[in-house]
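This report describes one structural model, taking its parts in turn. The sequence and the coordinates are shown first.

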There are 2 protein chains.
Amino acid sequence: MTRGPAPVFAALADETRWDILTRLGARELSASALATELPVSRQAIAKHLAALTDVGLVESIPVGREIRYRAIGARLNGIAAELDRIGTEWDTRLARIRSIAERP
Amino acid sequence: MTRGPAPVFAALADETRWDILTRLGARELSASALATELPVSRQAIAKHLAALTDVGLVESIPVGREIRYRAIGARLNGIAAELDRIGTEWDTRLARIRSIAERP
DNA sequence: GCGGTGTGCAACCCCACGGTTGCACTAATT
DNA sequence: AATTAGTGCAACCGTGGGGTTGCACACCGC
């Protein structure tokens, strides 16, 4: 096990996707609305939104005939917690090894 | 600004790289040593190590004629803290909007 | 001196992926 | 009825990057 969270990071690894995310963190927006603010086509944005939705970083809300999207902060907090746990584990292990090495 | 941390995530986004990271979190290893444990060539691993070093997730320690690598937990903790901050910000903003909407 | 081991550099292959264009469909608006 | 905005699907293109092979070089042990 210890399955890597690589898929989520792949979703976060693209600059355009990150741009989309931060905007959706500020307010709900449709794909078309995002397209007017960003230098890429609406279809490209639609793909990004699908990718972000897949990993649970974004959710969609139907509003009339359009589809709004918003960023899910809790998801990001969950990832953060996991990373923090792992990072601490690494340094703890290292500290333990060091303390063993310094035994008289 | 609000420059995205995309580069770091790109480093974390690959399954092989994540595999390397977890092993280096457990103990120091050279590129050749990693190559014996992983199903890829030593050169491929060397590239990954360079990428990880670039974003500060790994550091190298010369040991005799070989070069050992170890994972840097503090770096990961830093990223975790940033993500946590952003995620909370998103949800806070959303909660504020909701409370405004519910005014009588 | 010589074989094994660890590293570095370069060229190359291939596929995933970000982006595009084009078209079809539907629902509001007038 | 005609128009317009919003979405979806499909095909296509180009580049980046993960992986490989091959060679050269340095160091250690015998």
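The sections below treat the fold of a chain, the sheet, the relation between the copies, their interface and the surroundings of the DNA.

## Model and overall fold

The structure is a predicted model. Chain A contains 5 helices and 3 strands, and along its sequence these elements follow the pattern α-α-β-α-α-β-β-α. The radius of gyration of chain A is 19 Å, well over the 13 Å that the globule rule gives for 104 residues, so chain A is more spread out than a compact globule. Along the principal axes, the C-alpha atoms of chain A fill a box of roughly 75 × 25 × 25 Å.

## The sheet of chain B

In chain B, 3 strands form an open sheet with antiparallel pairing, in the order 1-3-2. Its edges are strand 1 (29-30) and strand 2 (58-63) of chain B, each of which pairs on one side only. Helix 2 of chain B packs on this sheet and touches strand 1, strand 2 and strand 3 of chain B. The direction of helix 2 makes about 95 degrees with that of strand 3 of chain B. Helix 4 of chain B lies across strand 2 and strand 3 of chain B, at about 120 degrees to strand 2 of chain B.

The antiparallel pairing of strand 1 with strand 3 of chain B extends over 2 bridges. Here B:Leu29 stands opposite B:Tyr69, and B:Ser30 has B:Arg68 as its bridge partner. Strand 2 and strand 3 of chain B, also antiparallel, are joined by 6 bridges. Within this pairing, B:Ser60 is bridged to B:Tyr69, while B:Ile61 is bridged to B:Arg68.

## Relation between the two copies

Chain B can be superposed on chain A with an RMSD of 0.1 Å by a turn of 180 degrees and a shift of 0.0 Å along the axis. The two copies are thus related as by a two-fold rotation axis. Among the residues of chain B, B:Ala80 comes closest to the rotation axis, with its C-alpha at 2.1 Å.

## The interface between chains A and B

Contacts between the chains involve 32 residues of chain B and 32 residues of chain A. On the chain B side, helix 1 (6-12), helix 2 (15-26), strand 3 (66-71) and helix 5 (73-101) each give two or more residues. Helix 5 of chain B gives the most, with 16 residues. By class, the chain B side comprises 16 nonpolar, 8 polar and 8 charged residues.

In the comparison of the two sides, 100% of the interface residues of chain B are also interface residues in chain A, so the copies meet through the same surface.

## Surroundings of DNA strand C

DNA strand C is surrounded by 18 residues, of which A:Val40, A:Ser41, B:Ser30, B:Ser32 and B:Glu66 are the closest. Both chains contribute: helix 4 of chain A, together with helix 3 (31-37), helix 4 and strand 3 of chain B, each give two or more residues to this surface. By class, the surface near DNA strand C has 5 nonpolar, 8 polar and 5 charged residues. B:Ser30, one of the closest residues to DNA strand C, is also the residue bridged to B:Arg68 in strand 3 of chain B.

## Surroundings of DNA strand D

Around DNA strand D there are 19 residues, and A:Ser30, A:Ser32, A:Glu66, B:Val40 and B:Ser41 come nearest. The elements that supply at least two residues each are helix 3 (31-37), helix 4 (42-54) and strand 3 (66-71) of chain A, together with helix 4 (42-54) of chain B. Helix 4 of chain B provides the largest share, 4 residues. The surface near DNA strand D divides into 6 nonpolar, 8 polar and 5 charged residues.

Conventions:
Residues numbered from 1 in each chain as written. Chains lettered and ligands numbered in written order. Predicted model: local features only at pLDDT ≥ 70, side-chain atom pairs only at ≥ 80, totals over all residues. Contact = placed C-beta atoms within 7 Å. Nonpolar A, V, L, I, M, F, W, Y, C, P; charged D, E, K, R; others polar. Near = placed C-beta within 6 Å. Pairing = 2+ DSSP bridges. Axes fitted to C-alpha atoms, helices over the stretch in contact; angles between N-to-C directions. Least-squares fit on C-alpha atoms with pLDDT ≥ 70 in both. Rg over C-alpha atoms; globule rule 2.2 N^0.38 Å.
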